[in-house]
Amino acid sequence: MRKLTAGYFHSVDGVVESPNLWQFDAFDDELGALLGKVMASVDTVLLGRKGYEEWAGYWPKTQADQDFAGFINGVPKYVASHTLTQAQLSWQNSTLIEGDLVPFVRDLKAKPGGEIAVMAGFSLARQLLFAGLLDELTLITHPVVAGSGRRHLFEPADPTTRLELLDCTHTSKGNVVATYGVRKG
């Protein structure tokens, strides 16, 4: 069974939106190495509609961060949306998820391949976590108070869910990288 992961940058005050506005110089070589490991192990990406629309408008055209651009442009991407159609998915290697998300992801995890990563989709990761399909959630806390922006990865109505810490490290520039899984039993 393939592993399903999600990872998000966030600030000390919990902002998860637009990390490019508050990462400053905290994105260090250790984080680069961590993301390099992710790119080496992930061969399939899941995106929500909002994330797809933002990233499809940026990554195919950018000259910045060519390592990640090469990865994300080339990897197969499955898009969860009730409003987009396959014809609207112009970004290379993008496919609309037909039908219900949970059975689709369950079937995808059962197929041969590398890791599957949820990227640019908070609600998508939440749905898959509460459906019991998300194996690892990595939170990368940057040493900054962002002040403004979306502050919640989770919603007040989400069910209480116990997690266990699978791994935790920090980088030379003060980032804390914590990986959680759903606590069994």
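User: How many aromatic pairs does a search of the whole structure find?

Analyst: A pair of aromatic rings is described by the distance of the centres and the angle of the planes. Here the rings of Phe, Tyr and Trp (its six-membered ring) pair if their centres lie within 6.5 Å; planes under 30 degrees apart count as stacked, over 60 as edge-to-face and the rest as tilted. The search of the whole structure finds 10 aromatic pairs. In one of them, the ring centres of Tyr8 and Phe122 are 5.1 Å apart and the planes stand at 50°, so this pair is tilted. Tyr8 belongs to strand S1 and Phe122 to helix H5, 114 residues apart, and the pair thus links distant parts of the chain.

Two remarks on the source apply throughout. This is a predicted model, in which local features need pLDDT of at least 70 and side-chain atom pairs count only at pLDDT 80 or more, while totals for chains, interfaces and linings use all residues. Residues are numbered from 1 along each chain as its sequence is written, and side-chain values use heavy atoms, with hydrogens and water left out.

User: Are Tyr8 and Phe122 buried or exposed?

Analyst: Buried means under 20% relative accessible area, exposed over 50%, and partly exposed in between (1.4 Å probe, protein chains only). Tyr8 has 6% relative accessibility and counts as buried; Phe122, at 17%, counts as buried too.

User: Which residues form one aromatic cluster?

Analyst: The cluster consists of Trp55, Tyr58, Trp59, Phe68 and Phe71. Within it, the rings of Phe68 and Phe71 have centres 5.7 Å apart and planes at 45°, so they too make a tilted pair. Both residues lie in helix H3, three residues apart, about one turn of the helix, and both are buried. Helices (H or I, at least four residues) and strands (E, at least two) are DSSP runs, numbered from the N terminus.

User: Which residues of helix H2 are buried, and where do they lie around its axis?

Analyst: An α-helix has 3.6 residues a turn, so residues three or four places apart point the same way. In H2 (residues 49–58) the buried residues are Gly51, Tyr52, Trp55 and Ala56. Seen down the axis, they fall within an arc of 120° (taken from the directions from the helix axis to the C-beta atoms), so they line one face of H2. Lys50 and Glu54 are exposed on the face turned away from that buried side.

User: What is the strand order of the open sheet?

Analyst: Strands of a sheet pair through backbone hydrogen bonds, either parallel or antiparallel. Two strands pair if DSSP finds at least two bridges between them. The open sheet has eight strands in the order S4-S3-S2-S5-S1-S6-S8-S7, with mixed pairing. S4 and S7 stand at the edges with a single partner strand each, so one side of each has no neighbour in the sheet. S1 and S5 pair in the parallel sense over three bridges; the bridge partner of Thr5 in S5 is Ala117.

User: Which salt bridges involve Lys3?

Analyst: Side chains of opposite charge can pair when their charged atoms come close. A salt bridge is a side-chain nitrogen of Lys or Arg within 4 Å of a carboxyl oxygen of Asp or Glu. Lys3 meets Glu115 in a salt bridge at 3.7 Å, N to O. Lys3 lies in the segment before strand S1 and Glu115 in strand S5, so this pair ties together parts 112 residues apart in sequence. Glu136 also forms a salt bridge with Lys3, the closest N and O atoms being 3.2 Å apart.
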